[in-house]
Amino acid sequence: MISFAFWATVINYLDRQTLSVAAPVLREQFHLSNVEYSRVVFAFLLAYTLSNGISGITIDRLGTKLGYALCMAWWSVAALLHAFAAGGLSLGMFRFLLGIGEAGNWPAGVKVATEWFPERERALASGIFNSGSAVGAVLAPPIVAWILLRYGWPPAFVSVGAVGLIWLVLWLPAYRKPNAATAEFEAPPMSAGILLRTRFVLGFTLAKAFLDPVWYFYLFWFPEYLTRARGFDMAAIGKYSWIPFAMAGAGNFLGGGLSGWLLQRGKSVTVARKGAVTFFAALMTSAIGAVLVQPAWLVIALVSIAMLGYTGSLANMLALPGDVFPRNAVASVYGLASTGSGLGGMLFTLITGWVVDHYSYTPVFIGFGVLPLICATILWLLVGELRPIRHLDGVSLGNLFA
């Protein structure tokens with residue numbers, strides 16, 4: 001079952017990374033400045049942000065099978081529509097539609113991991129499905145660059161969009177609830193209003209607002225940085241820009257493995273999860289050095305360490321809702337919290353475009369090297385102890401406000 005979430009995440013990243021790889025060609029054809037390109041990225045993040053809270057609640061209400069299918073169908077069709085873009089405005093509109101659908105992948109994947117895996121294995125299971133983001137990002141540069149150079153950019157968008165429809169055909173007859181299903185699956189999900197009043201959701205949302213924008217920067221701007229600041233051509237981007245994403249794939253397993261090892265050593269869930277996030281957040285400061293060195297290979301190496309740090313942190317962040325909330329609420333919790341990361345992503349994307357146009361990439365890399373440490377600090381100071389609750393009634397909720 002986790003393999004379905006893994007492949008959905010691969011497809012999710014193939015769809016969104018197609019624009020990143022094709023950006024130099026599209027920007028030249030549509031005459032887009034850094035600020036105009038940042039607005040196209042902003043359109044995706046705006047939809048992603050708006051849809052995050054809605055998608056998580058929808059998946060909890062419809063169930064994993066139907067909810068995941070709806071998200072996949074939506075974003076695959078939206079990816080196909082990119083082939084018809086005729087300028088910055090239409091490209092931004094199609095990115096907006098893509099963001100609405102893609103937001104549901106992580107609430108759905110978190111729900112699959114929580115349904116099927118116990119506490120000790122949950123971070124690793126989350127890391128396995130999230131490693132699909134790295135695999136998709138690794139596959140996108142060579143595949144999309146090859147299709148683009150051989151056939152043009154519209155077929156590149158059509159090809160990756162069609163893959164999602166194949167996944168959908170396989171998912172619908174295959175997914176089922178685990179045999180150990182309990183009354184949690186039958187209980188109605190909690191309202192967003194109740195969840196947003198808990199200390200965990202508020203702190204978790206704020207933490208993600210400082211962590212996830214770092215990934216968005218590497219995702220949407222790193223190929224641009226290699227082109228504009230380091231002189232890479234399309235062939236070089238296809239040849240080298242996959243390396244940091246390959247390292248990011250390893251981070252998913254290392255992050256999940258570290259917290260699992262700490263739990264086996266008798267550490268509390270709070271120490272294991274937050275400690276793992278902090279360790280990998282510290283690795284992400286390597287991004288500061290990446291913009292200060294000259295050799296291109298060293299830039300790739302330092303960014304690779306930073307991206308490994310991100311996925312190591314995220315593997316544990318993905319497990320946090322399942323550590324605290326019952327299964328029928330985890331998609332809603334993660335979706336609502338991801339609204340924070342979307343807001344942070346929107347803000348920092350616009351700031352990135354402005355700073356690059358007026359200054360350079362140097363302050364941008366420094367800023368994104370510091371943000372993960374702010375995330376870790378928020379987890380320790382604001383989220384509180386990670387204690388499981390099984391019934392979201394007035395008495396149990398009181399434990400989460402402390």
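Which residues in α6 meet Trp 153, Pro 155, Ala 156 and Ser 159 in α7? They are Val 144, Ile 147, Leu 148 and Tyr 151. Contact here means heavy atoms within 4.5 Å.

## Basis

This is a predicted model, in which local features need pLDDT of at least 70, side-chain atom pairs count only at pLDDT 80 or more, and totals for chains, interfaces and linings use all residues. Residues are numbered from 1 along each chain as its sequence is written, and side-chain values use heavy atoms, with hydrogens and water left out.

## The α6 and α7 crossing

Helix α6 spans residues 119-151 and helix α7 spans residues 153-174. Helices are DSSP runs (H or I, at least four residues), numbered from the N terminus. The two axes come within 7 Å and cross at roughly 140°. Axes are lines fitted to C-alpha atoms over the stretch in contact, with angles from 0 to 180 degrees between N-to-C directions.

α6 and α7 are therefore oblique to each other. Angles under 35 degrees count as roughly parallel, over 145 as roughly antiparallel, 65 to 115 as roughly perpendicular and the rest as oblique. By class, the contact has 7 nonpolar, 1 polar and no charged residues. Nonpolar covers Ala, Val, Leu, Ile, Met, Phe, Trp, Tyr, Cys and Pro; charged covers Asp, Glu, Lys and Arg; the others, Gly among them, are polar.

## Thr 311 and Gly 312

Thr 311 lies in helix α14 (residues 296-324). Thr 311 counts as buried because its relative accessibility is 0%. Gly 312 is also buried, at 0%. Buried means under 20% relative accessible area (1.4 Å probe, protein chains only).

Neighbours within four places in sequence are left aside in what follows. Thr 311 is in contact with Asn 130, Trp 215, Ala 248, Gly 251 and Asn 252. Gly 312 is in contact with Gly 251, Asn 252, Gly 255 and Phe 280. The C-alpha atoms of Gly 312 and Gly 127 are separated by 7.9 Å, though the residues are 185 apart along the chain.

## Nonpolar cores

A nonpolar core is a set of buried Ala, Val, Leu, Ile, Met, Phe, Trp, Tyr and Cys residues joined through side-chain atoms within 4.5 Å. The largest has 101 residues. Trp 167, Phe 200, Tyr 218, Phe 220, Met 317, Phe 325 and Phe 365 touch the most other members. Helix α9 (residues 199-228) gives the largest share, 16 residues.

Beyond four places in sequence, Tyr 218 touches Pro 223, Phe 245, Ala 287, Val 303, Ala 306, Met 307 and Phe 365. Apart from this core lies another, of 12 residues, including Leu 19 and Phe 94.

Notes. Helices (H or I, at least four residues) and strands (E, at least two) are DSSP runs, numbered from the N terminus. Buried means under 20% relative accessible area, exposed over 50%, partly exposed in between (1.4 Å probe, protein chains only).
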